[in-house]
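Hi everyone, thanks for having me.

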Amino acid sequence: MSAQFGKVVVIGAGTMGHGIAQVAAMSGYSVTMVDLSDEILRRALERIRWSLSKFAEWGRIRPDDVDKIISRISTTTDLESACTDADVVIEAVFEDLKVKQDTWSRASRAARKARILGTNTSSIPIDDQASAVEGPERFLGIHFFNPPQLMQLVEIIVGSKTSDETRKLATEFARSLGKTVVTVYRDVPGFIVSRVLTRIEEVACHLVEKGKYTPVQIDSALKYRAGFPMGVFELIDYIGIDITYNVSSKVMAERDKTFRPIELLKRYVERGELGAKTGKGFYEWPGGARPTIPQDAGKDVDIWYIIIPGMNEAARLVEQGIATHEDVETAIKLGLNLPKGVLGYAAELTAEKVRSVLSELRAELGEGYDPSPYLLSIVAQPRPAAAKYEEIEVRREPPIGWIVLNRSHRLNAISPKMLDELEDAISELAADRAVKVIVITGSGERAFSVGADITTFSEILSSESKVPMAFWFSVRFNEVFRKIERTPKPVVAAIDGYALGGGLELALVCDFRIASDRSEVGQPEIRLGLIPGGGATQRLTRLIGPSKAKQVIFFGDRIKADEALRLGILDKVVPAESFEREVREFAMKLAELPPIALAAAKEAINTALNVSIDDGLRYESSLSALLFSTKDLAEGVSAFFSKRKPEFKGE
Ligand code: NAI
């Protein structure tokens, strides 16, 4: 919660409105929901209570938080009085220009104090609504995804009258709800996610119409060869063929002549085959079950005919200054769940390929397929050697070596591949003489890591040999974590956001844990009917003692940074604003120390808990004696006598 927006009003308490109200209340805001009748508002509150009870079941909030959160929400049918003291007004009424204009005309006049007036529209031009708004510089699009309680992405759409201050405030507000924000600097139909998706759907349907491929071939190729989580026809069925047709014809084609209504979809709609909800569309959906798509059906599909048009559309947004390259990729990763984003495929392409695919499609489908110079410029760049790591990033900034967990779209959840990469990276940085300190941190704004990727759990659960699989999965965690723990260089965990389950266990094998004050840590495994499998029962016990470890592991609560510091789980808590600077300063202090002596000290301390005091003392004596053979010791002593700062070389 940000103190500058105390009261939030959400107008329209339907599918989106109740979700947005819930998210705001969960973030600590006092919220008023407005709708046309008390009955609708009562139903909205019921839906919120149901959703909160699910959050409590999953351990994401405490059971007694449910009532606390609900108590922050009031309801009314009196729009004007609700808005008088609002700081933020968000509208999620029917998608109809007249209804929106009427709502905004009344709401903006009443909400004199509000600094953000945001519409959640998917398709109605921001400026058309702004014409009805008093103080249109306060007005903009704040586009949540369905369901807002679970979807992390928010697109912020800047209208031609929106002030820069409003854009910044709205970004801050959406971030205070825990959302990841991307900015759309001009109101283009479909914004980022829907625009890129519609282009992909348009071309996929065209290839089917033309008889080049079947839907199953395309879906199989996208799923099994291009890393899409769902095939495009499977997705259209899932969303609803009527809804997708409507987006292509109403949202896109009517406002942008480079798009066209997708005729193939129209024929399905006319036959009443709307996809999953009618049990039949491109696939059969018996009882709602997802279709099975054969793995080898797509082997002859040239996937670039489907992906390049999407990349081209995304590249145009960047080229025209509508969104940054980074924001486009974030939006596609979070909104469409594409792990590589869409421009991320550039590294696998050449300019010739882009030109040849687009020139063929341009001839058949028109100017929407004119190649974007920006796309040509990024694919034509000299190709860096194939990246060694995909799920982490290794950055050398001597004397610091960074390992960044790089799956922010999954809150840096740890997959088996990430474990393999962590193992390689730690050996690589340990062997690099220029690196004196290793810092492990998470990418994105929300998490260090939320632990083992839950999809791996589901794979294990659905396997016939679940017990051995689960055993070896846990053993693998321990193997890699042990390697990190035994690295002779100091390793710091830099936590900004959640460090939960395996994420906290990874931090526990580091020598130090520094966290930002907005971080939360915990071992929530018990809530799934499980116990930690990456060492927490052992390491947490050694670190904070058995009784506090039991408190953490038995209850599985999320523990705020200050409390975790008090318990001894964290070593240092710093303000979020200066987090990176503080981590660097801490690492630089370690980097000035004599590396061989540090390694010996780490070895001796780590051994202390496993051996008798006599053996430990002997070990300390031996290591300490060995240090007399190092040049660093000679340097340290000489610097001491000449009263200067020593320069340790690790020799
Ligand atoms: P909905 O039909 O579920 O809810 C709309 C609510 O607004 C209803 O409860 C209705 O009674 C209320 N309402 C209508 N006129 C009103 C007025 N004058 N004053 C107060 N309340 C009024 O619609 P949904 O799906 O929640 O959509 C709302 C907005 O969110 C639309 O602009 C839609 O384009 C957008 N949106 C929808 C998404 C979705 O997946 N459903 C995703 C993202 C945006």
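So, which residues are the closest to the ligand, and how many surround it? Before I answer, keep in mind that this is a predicted model. Okay: the ligand is surrounded by 22 residues, and the closest are Thr15, Met16, Asp35, Glu95 and Lys100.

Let's go through some of the polar pairs. At Met16, a polar backbone atom sits 2.8 Å from an oxygen atom of the ligand. With Asn120, the side chain is involved: one of its N or O atoms is 3.0 Å from a ligand oxygen. Ser122 also uses a side-chain N or O atom, and there the distance to an oxygen of the ligand is 3.0 Å.

How much of the ligand does the protein cover? On its own, the ligand has 830 Å² of accessible area, and the protein covers 80% of that. As for who builds the shell, the elements giving two or more residues are helix H1 (15–26), helix H5 (97–110) and strand E6 (139–144). H5 gives the most, with 3 residues. If you sort the shell by class, you get 10 nonpolar, 9 polar and 3 charged residues.

In the loop between E6 and strand E7 (153–157) you'll find Pro147. The peptide bond joining Asn146 and Pro147 is cis, with omega at about -5 degrees. There's also a cis bond from Pro398 to Pro399, where omega is near 5 degrees. Pro399 belongs to the loop between strand E9 (392–397) and strand E10 (400–405).

And then there's Phe191. You can find Phe191 in the loop between strand E8 (180–184) and H8.

That brings us to H8 itself. Helix H8 (residues 193–209) packs against helix H12 (residues 263–270) at an angle of about 80 degrees, and their axes are 8 Å apart. That angle makes H8 roughly perpendicular to H12. On the H8 side, the contact is made by Cys205, Val208 and Glu209, and on the H12 side by Glu263, Leu264, Leu265 and Arg267. Sorted by class, the residues of this contact are 4 nonpolar, no polar and 3 charged.

Another helix pair to look at is H9 with H10. Helix H9 (residues 215–225) and helix H10 (residues 232–239) have axes 7 Å apart and an angle of about 105 degrees. H9 and H10 are therefore roughly perpendicular to each other. Who meets whom here? From H9 we have Pro215, Ile218, Asp219, Leu222 and Lys223, and they meet Val232, Phe233 and Glu234 in H10. In the contact of H9 with H10, the classes come out as 5 nonpolar, no polar and 3 charged.

Last stop: Leu598, in helix H25 (residues 595–608). Which residues does Leu598 touch, if we don't count those up to four places away in sequence? Pro490, Leu590 and Leu593. To give you a sense of distance, take Leu343, which is 255 residues from Leu598 along the chain: their C-alpha atoms are separated by 44 Å.

That's my tour. Happy to go back to any part of it.

Technical notes
Residues numbered from 1 in each chain as written. Predicted model: local features only at pLDDT ≥ 70, side-chain atom pairs only at ≥ 80, totals over all residues. Heavy atoms only, no water. Axes fitted to C-alpha atoms, helices over the stretch in contact; angles between N-to-C directions. Helix = DSSP H or I, 4+ residues; strand = E, 2+ residues; numbered from the N terminus. Parallel < 35°, antiparallel > 145°, perpendicular 65-115°, else oblique. Contact = heavy atoms within 4.5 Å. Nonpolar A, V, L, I, M, F, W, Y, C, P; charged D, E, K, R; others polar. Near = heavy atom within 4 Å. Polar contact = N/O pair within 3.5 Å; in protein donor to acceptor, adjacent residues only side chain to side chain. Areas by Shrake-Rupley, 256 points an atom, 1.4 Å probe, with all protein chains shown as cover.
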